Amino acid sequence: MGIIAWILIGLLAGIIAKLLLPGKDPGGIIITMLIGIAGGLLGGWLGKIIFGVDSIDGFFDLSTWIAAIIGSLILLILYRLLTRARHSRS
């Protein structure tokens, strides 16, 4: 898949992750989109490392979307934890 496809999958995975974990995030929609793109890449990498599967087969493969959404959820949770810890220190 090309970089444009990964950006599109990441954007959509970020939106889905946001729907699955509702709440107010300090970064807004731009940060959520960036988290989605990075999460898609993270999910594909983790699928390959942990399970030994090629989870980035194609744009319409279910494994690609699941990997991207799981990666986005992981990054969104980490982002919330980091920003919450930073705000509690202030």
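## Starting at threonine 32

Threonine 32 sits in helix α2; helices here are DSSP runs of H or I with at least four residues, strands are E runs of at least two, and both are numbered from the N terminus. Is threonine 32 buried or exposed? Threonine 32 counts as buried, because its relative accessibility is 7%. The cut-offs are these: buried is under 20% relative accessible area, exposed is over 50%, and partly exposed lies in between, with a 1.4 Å probe and protein chains only.

Leaving out residues up to four places away in sequence, threonine 32 touches Gly14, Lys18 and Asp25. Touching, or contact, means heavy atoms within 4.5 Å.

## What kind of model this is

Keep in mind that this is a predicted model, where local features need pLDDT of at least 70 and side-chain atom pairs count only at pLDDT 80 or more, while totals for chains, interfaces and linings use all residues. Residues are numbered from 1 along each chain as its sequence is written, and side-chain values use heavy atoms, with hydrogens and water left out.

The score in question, pLDDT, is the predictor's confidence in each residue, from 0 to 100. The chain averages 79, and 83% of the residues score at least 70. Among the elements, helix α2 (residues 28-51) has the lowest mean pLDDT, at 80, and α1 has the highest, at 83.

## The overall layout

So what is the chain built from? There are three helices and zero strands, and from the N terminus on the order runs α-α-α. Buried residues make up 31% of the 90 residues.

Now look at contacts between residues at least 6 apart in sequence: 71% of them join residues at least 24 apart.

## The nonpolar core

Which residues form the largest nonpolar core? There are six: Trp6, Ile9, Ala13, Trp65, Ala68 and Ile69. Helices α1 (3-20) and α3 (62-89) each supply at least two residues of this core. A nonpolar core, by the way, is a set of buried Ala, Val, Leu, Ile, Met, Phe, Trp, Tyr and Cys residues joined through side-chain atoms within 4.5 Å.

Take alanine 13 from that set. Setting aside its neighbours within four places in sequence, alanine 13 is in contact with Trp65, Ala68, Ile69 and Ser72.

Back in helix α2, we find methionine 33. Methionine 33 is partly exposed, with a relative accessible area of 28%. Beyond residues up to four places away in sequence, methionine 33 touches Gly10 and Leu11. Methionine 33 and leucine 8 are 25 residues apart in sequence, with 9.7 Å between their C-alpha atoms.

Isoleucine 30 is in helix α2 too. With a relative accessible area of 52%, isoleucine 30 is exposed. Its C-alpha atom lies 9.7 Å from that of leucine 11, which is 19 residues away along the chain.

## Out on the surface

The accessible surface of the chain comes to about 5,700 Å², and 75% of it belongs to carbon and sulfur atoms. These areas come from the Shrake-Rupley method with a 1.4 Å probe; for residues, only the protein chains shown count as cover.

Leu62, Ile66, Ile70, Ile74, Ile77, Leu78 and Leu81 make a nonpolar surface patch of about 630 Å². Patch residues have over 30% relative accessible area and no salt bridge; like charges are joined within 9 Å and nonpolar side chains (Val, Leu, Ile, Met, Phe, Trp, Tyr) within 5 Å. A salt bridge is a side-chain nitrogen of Lys or Arg within 4 Å of a carboxyl oxygen of Asp or Glu. One of the patch members, leucine 78, is found in helix α3. Leucine 78 counts as partly exposed, at 44% relative accessibility.
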